[in-house]
Every structure is written in C-alpha cells, then in structure tokens.
Amino acid sequence: MFPARFPIAAASLIVTLTACSAPGQQSGKQAVATGPIKVANINAQSGQLSSLGKWENKGVKLAVDEANKAGGVNGRQIQLDLFDDQGDPTVGTNLARKIAGEGYVAMLGTAESAVTLAMAPILKDAGIPNITSGQSPKLAALKSPFLFLNAPTSVTYDETLAKYLVDGKGYKKIALISNNGTYGAGEHDAFLAALKSRNVTPIADEAVTPDQKDFSASLTAIRQKNPDVLFVGAEEVESGLIAKQARELGLKAVLAGGAPMGTDVYVTTAGADNAEGSVISSPYLSNDASQASKTFSASYQAAFGEAAELHGAKAYDGAKILIEALKQTKGAGGRPLADAIRAVKHDGLLGDFAYDGSGVGIHATQIGLIKAGKIVAESAG
Amino acid sequence: MQVFLQTLIGGVTFGAVYALVAMGFSIVYRTMGLVNFAHGNVVMIGAYAASNLYMFAKLPFPVAVAVAIAVTALIGLVIERVLRPLENKDFDLMLIGTIGFGTVLEAGAIRVFGATGHAVPSPVATAPLDVAGIKIPTYSLLVIAVAAAATVLLGLFLQRTKRGAAMQAVAMDHEAATAVGIHVGRSNAMAFAIGAGLAALAGGLIGPMLYVNPTMGGSLGIKGFAAAIFGGFGSMRGAIAGGMAFGLLDSFAAGHFQEYSELVTFLVFAAIVMVRPTGIFGETTVNRA
C-alpha cells in the first residue's frame, strides 16, 4: 500500500504547493483541488421519517456511484458522506454547522421541509449550495441563492390537482382534511388557494395532527356534508389511515392528494380496495413512464434490491444536477457552484429542470390514478 | 348525534389498546415501583413479531399474536434479568436502563426490519356493521373483545392464583413478602414478562389498525403511560379506566379542537392529575420508589 500511495501523495503535495504559490489564486480552494470532492447527504436515517431519508439516500448514492464509476469530476472522485438528521430541525442545524466546518462543497437533502428551512440560513452564510427534497412553498419564498428544490412545490402539485378535479371533472363539493405539520399545512394552503382561484369554497376543512391515529370525528363530520372529493394533505401513512377510516365510515368521495398518495406505503396502509380510484398529483408517476425512468429503476433495483419510487427518483435528479454543475466549476464550491446549478438544464426523471430565481426547477406535475393497487397515468384534463 | 356516536366508537377502540398498554406499565410499576420506559418499544416489537408471523409465515392471526406474546415475554425476562442486580440499590440506574433497552430495541428493529415498516391487512375482512348509520368496523369489535378478555384473565390471575397473590404481596410490601418466603426476583420477572406480553397483545392488535414501523412505540408508549397515570399508576382498574378515558378524550378533542387536539388532551390530563395526583383509582399500596 505505502509504496504505491507515496508517489501520489508526494505529487499531490507538489501540486498543492505550486497551486498555493500561484499569484492571484484563492489558496484555500486550490489546496483541496486534488482530493475527493466532499458532498454531504443529510437525511433522516432514524425516527418517524426515516423511510423517506433512506429512499433519498439511495437515489443520491446511485447517481454519485455512477459518476464516480465514469471517472468522477475532472478525474476527482466524489466523496458522499451520509449524516442522520433524525427528521429534527435542531439536529439539522447542528449538522449544517458541522459540514460547513469540514469542507463540504455541497449538501443534498433533506427530505423534510422543516429541517431544510432550519438549515438554510446557515448553509447560505457558509456558501454551501443545497439541493433539497422538501417541497414546501416556504422554501421557494426564502429566495436563497444557495437553495434549490429537486421537485415542484406544493403550489404546483395542488394547482394541477385542482385543475383536474374542478376544471376537468367539474367537481364542486370538495372537502379538505390535512395535518398541521409543515407538509400538511403547505398542501392545505396551496390547494385552498387553487380552489379559491376557481371560486370554489370547500364544504368542509378539517385539521388533524401529524401523529393522530383516529379520524372518526373529522371524517364523520365530513361524511355528513356528502362531498364529491376528499382532499388529503398528509404524509404517506397518515393519508393511508385517513383513506381506510373514511371508507370504513362509508365515505364515498373521490380521494385526492399529492405525491404521498402515489406510494406503496399509502396503498398498503389504506388497503388496495380503499385506495382504488385515488387521484394523485405527482411529477413521477411510475418506473415505466419513460426510457430514462426504466433505466433508472433497473439500476436502482440492481443496486438496492428494491423497486424505485418518487423519492429516490427526485434525489437522483438532484444529485445528477449537482454533479453536472460540479463539472462546470471543476469541483469548486461556493457561489460559482450555486450559479452553475442554476444554469444547468437537466432532462431528468421528473421533467426538464430549469431553475428560476427562487430555486424551483420543475413547474409541472402529472395526474395519476390508483388502479388495482398501482398508480397509472391519467391524461390531465 | 351521529358524529358523537361515531367518535365514541373510534375512541373506545383506541381506548382499549391504550388500556392494554397502560396495564403493562402498571403491572411492572406496582410490583417493582419501576417505570419501564422500554414498554412502548416492546409494543412495537410485539407488533412486528405478530405481523411478520401473520403476513410472511402465514400463521393464523390468533396464533401469530400468541407467539408474539411469548417472544416479547422473553424479552421482558431478559430486561428484568439484566436490571436485577440494581433492584433496591440504584433506582435511577434502573430507570435509565429501561430507556437504554428501549433505544436498543428501536435501533435493532431498524437494523432487522428496515426503517420503512409495513401495513398489515385486517384479519377480519368484512364490511363494517351499519347500525342506524353508525359504522362499526368488525375489527374494532374484535379488539375491544380481546382487550376485555385479557383484562378479565389478568384479574383472575392476580386474585385467584397463588403466584398472582404472591405478586400482589410483593407489590404491597416486598420485605414482608420476602419474610414469608416469596421469591421477590421471580415475582419481578413475572411482572416484566406479563407486562411485555400485554405489550405484544396491544402491538399485535393495533398492527392492522395502524402501520407497523420501528418508531410506532413512541406515541403509543406516551399515551399508554399517561393513561396509566390518569387511572392511578399501579392500579389495574385504573389502567383500564385511564386507557378508555384517554382514548375517548383523544377522539373527542380531535373533533372539537382540530389541530389543537393533542394540546387539549394533555392539558385536560394535566388538570386532572393536579386535582387528583393519585389518578382515578389511586392506590396507596405502591410506594417503593
């Protein structure tokens, strides 16, 4: 080992020294320009939201492994390090300071809007670009030059959904049930705004907590209003429980919601019969949607032995964009990397990415329906 | 009226499960004066064991739950055995020990079963009963019936059998119990095993109602613990009453206070405990700590 490594170490030392002495150069950046490029992936690996974090990490890891196998960035390998934020904003801010102090050029994650929101100011000050999987409109509202989303915001999801349900299908009696967490509240506000712009007032608007298990009271109140559509703004498991209990209570309304309802977790929690016909707004409907998604899902299956889904796909897109930008900056971080990410035009799994000033790169979702436990594309009306 | 009755049914179903969890907390507390903070995590292990045996080993649901009870009872015995040297020596360390066991169980479950979890199909796949517009899920009836049966059996065990009486004796005065030849360690072990078994029963039953994942023990544990305090910590009757009260409180608060339901539930809980610190059926027998 040692004899083989020594010349490389010596060579890199020489390169480093010469780089340092070059006039007009920022010595700090050049000093690390030969080692691996350090990229942090921060996602929940434990706690309530760890399933999201695990999916995201797999998507990111797949993209980085592929890039490294293909020779890395300008001959340098990407070193991907995973940190567990436990889905907790406090842990997230600590990790943000940690990666800022340890020379990471970029951060991928987190899957939680609340955690990303907490980390954003620190990463902005440290000049570390962050591509997040969060989709709360609050992230875009920050307008941080260092924060990018790898998916549309709730506004896009719910605008597409309202267009399909109200304009396309002509439903007017719409009830809402959503939780008061960051995601649920974002969905609630976005869908309500989309309804308002169509002069539709919901006939019921029930709020629950993210941890609630029994929805009898809210759902019975909704049932009495006999809605055509029940909009659900909650994460995977809670959406599934709401769907199951709604059907058990004899609620016949069409169930509609965002990406969480397009997952297996939703369908199995609700039961396939109860989930049947659910309307979903999602930028990634299935692994068979395109040639790119087929290739992605095959590599994902081969690497991790499980089927790919939305979270892995969007994390993969985000990582691809970062790698592309790193190639542009030749591995340098800071503001040049953020600008390079904004300039990347990526034909990804979720659509064509073109970032605007608020860090949102995708502005469209599609409508899917749950049929026999599987999500199928519906040509949006 | 319809909303009221429907909320009542939802509340009673979850109340029955909270009661089982609360009984597990109480039986260990009354015998050893110890709060087993790993209890919620044992509920989770029970849910995993029962659902895995039911879904993947294709055992009939009752058999799967029975095996899960045996498995977790064994875990209960292990926890008690490890903590036994501390009994009557360092109480704080024992408490921290149970917290540690809880963390180990959760981390172990993530390691073994993965972080994602799984949904469990209902073992009674029939349409809900319709009584004058009130829908009663058949599985809810099963849960209530099983919880009631378990409660009766446990009551009979504690009052009618020699071992049960011995456990009562240890709960009342462990020194006197030792003096009349009762093995306190064995009695404690039994309490832990029964507590863990009850946890597995609760976990097994709640699996098809919720979603089985490594962190499900957290909120179930806290609500079960609160229910036990509510009813009078250490009292079996209290655990049942507390569990039911908590289930109902939770459900009705959800209807009336929407997103503030959790806050209201625990505010009411705090108010009642302030007025009556010993809970509904507070007993004076338990004073070991």
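User: What volume does the largest cavity have?
Analyst: About 90 Å³. Keep in mind that this is a predicted model.

User: Which residues lie nearest its centre?
Analyst: Both chains show up there: Gln212(A), Lys213(A) and Asp214(A) on one side of the list, Tyr18(B) and Asp250(B) on the other. The lining of the largest cavity has 13 residues.

User: And which elements give two or more residues to that lining?
Analyst: Those are α1 (2-32) and α10 (236-257), both in chain B. The largest share is from α10(B), with four residues.

User: How do the lining residues divide into nonpolar, polar and charged?
Analyst: For the largest cavity you get six charged, four polar and three nonpolar residues.

User: Which elements of chain A supply at least two residues each?
Analyst: There are strands and helices in the list: β1 (37-43), β3 (106-109) and β4 (130-132), along with α3 (50-69) and α14 (310-329). The largest share comes from α14(A), which gives three residues.

User: What's the split by residue type in the second largest cavity?
Analyst: Seven polar, five nonpolar and one charged.

User: Switching to the interface. How many residues are in contact between chain B and chain A?
Analyst: 30 residues of chain B touch 34 residues of chain A.

User: And how much area do they bury?
Analyst: About 2600 Å² between them, with 56% of it on carbon and sulfur atoms. On the chain B side, Tyr211(B), Gln258(B) and Glu259(B) supply 19% of the area buried against chain A, more than any other three residues.

User: How many salt bridges and polar contacts cross it?
Analyst: The rule finds zero salt bridges between chain B and chain A. For polar contacts, the count is five residue pairs, with both residues at pLDDT 80 or more.

User: Which elements of chain B each supply at least two residues of the side touching chain A?
Analyst: α1, α4 (91-113), α10 and α11 (261-275) of chain B. The largest share, seven residues, comes from α1(B). Both α1 and α10 of chain B also turned up in the lining of the largest cavity.

User: How do the residues on that side of chain B divide?
Analyst: 14 polar, twelve nonpolar and four charged.

User: Last one: where is Arg342(A), and what does it touch?
Analyst: Arg342(A) is in helix α15 (residues 334-343) of chain A. Not counting residues up to four places away in sequence, Arg342(A) touches Ser144(A), Pro145(A), Phe148(A), Tyr355(A) and Asp356(A).

User: What lies 2.8 Å from a polar atom of that Arg342(A) side chain?
Analyst: The backbone oxygen of Pro145(A).

Definitions and conventions: Residues numbered from 1 in each chain as written. Chains lettered and ligands numbered in written order. Predicted model: local features only at pLDDT ≥ 70, side-chain atom pairs only at ≥ 80, totals over all residues. Heavy atoms only, no water. 1 Å grid on protein atoms, 1.4 Å probe; cavity = no way out; pocket = protein on both sides within 12 Å on 5 of 7 lines; lining within 4 Å. Points joined across faces, edges and corners; volume = space filled by probe spheres on them. Nonpolar A, V, L, I, M, F, W, Y, C, P; charged D, E, K, R; others polar. Contact = heavy atoms within 4.5 Å. Buried area = accessible area lost by both parts, 1.4 Å probe. Salt bridge = Lys/Arg side-chain N within 4 Å of Asp/Glu carboxyl O. Polar contact = N/O pair within 3.5 Å; in protein donor to acceptor, adjacent residues only side chain to side chain.
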